Amino acid sequence: MYSFWKRYLRPLTPAVLLVFTWYGSEPWNYAQAAQISSVPKPQAAPGAPGAASGEGLEIAVDDVDRALGELSRQISRGEAPASSLNRLAELHRQLDAAATRAREELRTQATKLAAAGLPDEVLGRHRQAATSYDLQVRKLRQDLERVEALGRALRRAPLPESKRRSETTQLQRAIGKIQTRLREQAAPRSHTPLDPKALPHRAVKTRERKPRLKKEQFNELLRRRAPVLKTTKALPTADDLAPNEDVQITPAITALAVSLGKDPLRIYRWVHDNVEFIPSYGSTQGSQMTLKAKQGNAFDIATLLIALLRAANVPARYALGTVQVPTAKVLSWLGGVESAQVAQQLLGQGGIPNVGLLQGSEITSIRLEHVWVQAWVDYVPSRGARNQQGDTWVPLDASFKLHQLSPSAGLFTAQPFDLGGLRTQLLAQAQVDPSLARISNISEDQILNAMNNYAESAGTYFKAHGVEPSRDALLGGRTIVLETASVLPASLPYGVVAMGDPVSTLPDRLRLGVTLNGFSSVLDRALGSPSYTYSISLPALNSKRLGITFEPASPADAQVLQNAIDSGAGSLPVYLVNVRPAVTLDGATVASGPSVGMGSSQFIDVLLKDVDETATVSYQQVAGDEIVFGLTANGVAPDVVQARFNDVPPNTAAENLHQAALHYWMESDFFDQLTAQGLGVHALRRFSVGLFASPLTVSYFFGAPRSGFYASRIMDVKRSFVGVAGQDPARVLSFVKQSGMAGSFLEGLVFDQLFSQDAVSRGFSAMELIGDANRRGVPIYFITAANSAAVLPLLGVSAVVKSDIENAVGTGKTVLIPEREINRGSWHGVGYIVQDEETGAGAYLISGGINGGSWLDCHPELRPLVEFLLFVLLAAILILIILAIIESLGTLGPVLEPALAAIVALMAILLGTSPAYAAGGGFRKGGQADPCNCPPLPPTPPCDYHTDHDHFPCILPVTHWHYFTVNQGPAPECNINVNRYFGACGPPPVPCPP
């Protein structure tokens, strides 16, 4: 247990404690001010390719830019500019030295290129780059010399006032000229500004759409090129047995149909009893993914039923209409929601048109648009019990099912978690400045001790009361009421108000999808003129990998790249290479654009097409990035992730990014459901997207790409939408905030789970960076419109981050941010949270404007990062224990208490069953891990199987097994480190205990 706390929880605890303290306890009522720390100067990554020249020149130019800004401010304030001018002169000399080194490198490079026998067009690109570089250096030197001369003239005394004003104006213009050009030459990945009116993580609004009530309206919705079937008495056609975009008759579908005897009754009962209903609208998965996920909306479940029937040679088709269901049945169908109002909220957030029907003041039934199946079966006289010769279209709805609810264990009533006492302990040792809303030195040990103590008492309670160690037993659960009919039903289990003509194939407009539009410039994007485009429906996408890669545009470009790799170069000469953007689907190119310079800016719009609206999510990337898009509409089920891992080896850069995306959404959904269950609300995933990439790190000469390498992974989740419904608005708000914070943790933690081969975290996100800051003694500020004027001058963060803060608080948002930037290996920056306190919407940002996280490798590579993944399912589950505390004080304390207690008790269950964790690498003495110096894990570790205890992933239907690794020296100061794994290791896996 200790190793897991040390690896995953302890580094994260301070962030949660800080957020929890600010949002719940009004800490500015308590303590004293902390000291402001100085801001360290950013430094180039040690040992990174290009640090001596390209990065050195970039840093020198940035320093000059900042010095010019300070000089301009001094002049504007009427202060003597002597110190700034002296600083500028020193930086000018440093710039000259860096420029000289860069020029020498260009000359050396020319010699190497000629010796390598590269084509003339490549040598010509080098000459053009060198000429452009010389021109830019001369311009900058001339402009700096003019600024320095004007500054010296301004320092002469005395000067007539008119002369002073004139020279001051000239100096300001000269400074502005340089800064304007430097801004135009800024690196493309500098910072993405925040739009505080469109925060990335938020709850969707309930859409109040009334269902259609006429057949003609549904026929208009269902229109398609092929003729519509006109009557329910019409004989089947070939299309009623054919596969299509949604109805995928795969080997797995066929095998299941055969195992069920190709019997329509057994097929209907299997789908009804085994696939959970999700209240959303439109075809999102297709039959194969619905089979894997064992969950889906009415369209998805109907599609799976149709696919199984057609695989059994039973004609089947879709029926779409408006149905009227008694309220009590709707509440059970949705899994035990509390009221008709909550049911309508959830249906509306899922996009399902619905309306409540009143009898007096009570909603007695709900009308909603719905889809079901018609199957051509042998109904007379056997009513489908024997299927020999079809004679009747029979309506079947496998998505409509009632649930049996089980009560909670009563732990939280009998043994409530002492939030008030924990708050008092934390604030007794923290340092708080009420006037600035600043806090520091939150103790992580206190909360860990409190949770361990509660977990032990919960374990005692379980044993004393015979509580089964499972989530549903603890929190209350639900199970599907099984279908036991011995014949097919004659009618649907609800009333049909109106329906359209049945169809064999769904029209495009009822199918969710995604379109990628790529642009080579901001102007092209503004004009709506993409250089390439690709569209695919979500059912066709299934769990396939959708990405963008950049291929060499010609054999000469491929030769340059291969020459750099073969010669052992420290970086790629990206200025010599042209690449071609290619959209790929599971590695196959499906669209491509014209060639562009490697390292140049690329603009990508992701269009998310829902049934009745399209949303655009925009990204700016660099030519050379390896990019994968992680998309989800109904959530990602664990079985889908497991199946993808089994079917596709994650041994390429693109595939390991894709599986990171699948893990991220799977774990986010799992945490959301756990939090919702603890809070007594009801949640569902809505259409969301994130970009997962192995980015090309590029050094620039005056805005022109120079050299590049790969040394990190990033995820940028710009749209994470959830639906949430409940009777208590405070609990709904709490869920949205906790969901966002859980997602932020995962943005760094998922990378560690899948890629780390050492003993410490190299992934980081906004939440973890805030925790790091607290651990290093950096104060944290809670900024609002009331205190922003006083706090902003105290922050040691970039001007663009301050601009984000100003924009956010100007629109009524709050910001949680450390006082200054910190270093994480070669990365330097800050993590900060922007939140809407009224809706819970948030942006969880790291420097650069990324709404996500990053993972840094120890050693730069010349190819996109490629390594094998361990399949680590939900290894970070326990972080939600901490997350539940964040909002648990002040006015929301009583609301959050059940959620926190539930998750802490779940921790007791899991710790008591010896879960396996993913870890690795070596530890340095003194408790500090050094992943880049300690020995790596052995490539073929010994296996040790355990069958005498329950296994953590068996909380979910996933099999796994353990193995151990022993990592001993010889690196200096590395201790022996034994770690538990589960994953692919030798013999067949040990199945989960029954």
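## A buried serine in a loop

Ser-382 is buried, with a relative accessible area of 19%, and because the cut-off for burial is under 20% relative accessible area, this residue falls on the buried side of that limit. The model in which this serine is seen is a predicted one, and Ser-382 is found there in the loop that runs between strand S6 (362-377) and strand S7 (392-396).

## The chain as a whole

The chain has 994 residues, of which 59% count as buried, and its secondary structure consists of 28 helices and 37 strands. The accessible surface of the chain comes to about 38,000 Å², and carbon and sulfur atoms account for 52% of that area.

Contacts can also be sorted by how far apart the two residues are in the sequence. Among contacts in the chain between residues at least 6 apart in sequence, 75% join residues that are at least 24 apart.

## Strand S25 and its neighbours

Strand S25, which covers residues 704-725, is mostly covered, since 19 of its 22 residues are buried. Which strand runs parallel to S25, joined to it by 3 bridges? That strand is S1 (residues 201-203), and within this pairing the bridge partner of Arg-202 is Phe-721 in S25.

Strand S22 (residues 682-685) pairs with S25 over 4 bridges in the antiparallel sense, with His-682 having Ala-725 as its bridge partner. Strand S23 (residues 688-694) also pairs with S25 in the antiparallel sense over 4 bridges, and here Leu-691 stands opposite Asp-716. Strand S24 (residues 696-701) and S25 are joined in the antiparallel sense over 6 bridges, with Ser-699 standing opposite Ser-707; S24 and S25 form a hairpin with 2 residues between them, and Phe-702 in the turn has a positive phi of about 50°. As a general point, the side chains of a regular strand alternate between the two faces of the sheet.

## Helix H4 and the residue that follows

Helix H4 spans residues 82-115, a run of 34 residues. From its first C-alpha to its last, H4 reaches 50 Å, which is close to the 50 Å expected at 1.5 Å a residue. Just after H4, Gly-117 takes a positive phi of about 70°.

## Salt bridges

The structure holds 34 salt bridges, and three of them are described here in turn. Side chains of opposite charge can pair when their charged atoms come close. In one of these salt bridges, the side chains of Arg-511 and Asp-508 meet at 2.6 Å, N to O. Are these two partners buried or exposed? Arg-511 is buried, with a relative accessible area of 5%, whereas Asp-508 is exposed, with a relative accessible area of 54%.

Another salt bridge is formed by the side chains of Asp-605 and Arg-525, at 3.1 Å, N to O. Asp-605 lies in strand S19 (residues 601-609) and Arg-525 in helix H18 (residues 522-527), so this pair ties together parts of the chain that are 80 residues apart in sequence. Asp-605 is buried, with a relative accessible area of 9%, while Arg-525, at 25% relative accessibility, counts as partly exposed.

The side chains of Asp-772 and Arg-775 meet in a salt bridge at 2.4 Å, N to O. Why are Asp-772 and Arg-775 separated by about one helical turn? The reason is that they are 3 residues apart in helix H24 (residues 766-775). Asp-772 is buried, with a relative accessible area of 7%, and Arg-775 counts as partly exposed at 36% relative accessibility. Salt bridges that share partners join Asp-772 and Arg-775 with Glu-768, Arg-776 and Arg-824 into one network.

Technical notes: Residues numbered from 1 in each chain as written. Heavy atoms only, no water. Buried < 20%, exposed > 50% of the residue type's maximum accessible area, 1.4 Å probe, protein only. Pairing = 2+ DSSP bridges. Expected span 1.5 Å × (residues − 1). Salt bridge = Lys/Arg side-chain N within 4 Å of Asp/Glu carboxyl O. Contact = heavy atoms within 4.5 Å. Areas by Shrake-Rupley, 256 points an atom, 1.4 Å probe, with all protein chains shown as cover.
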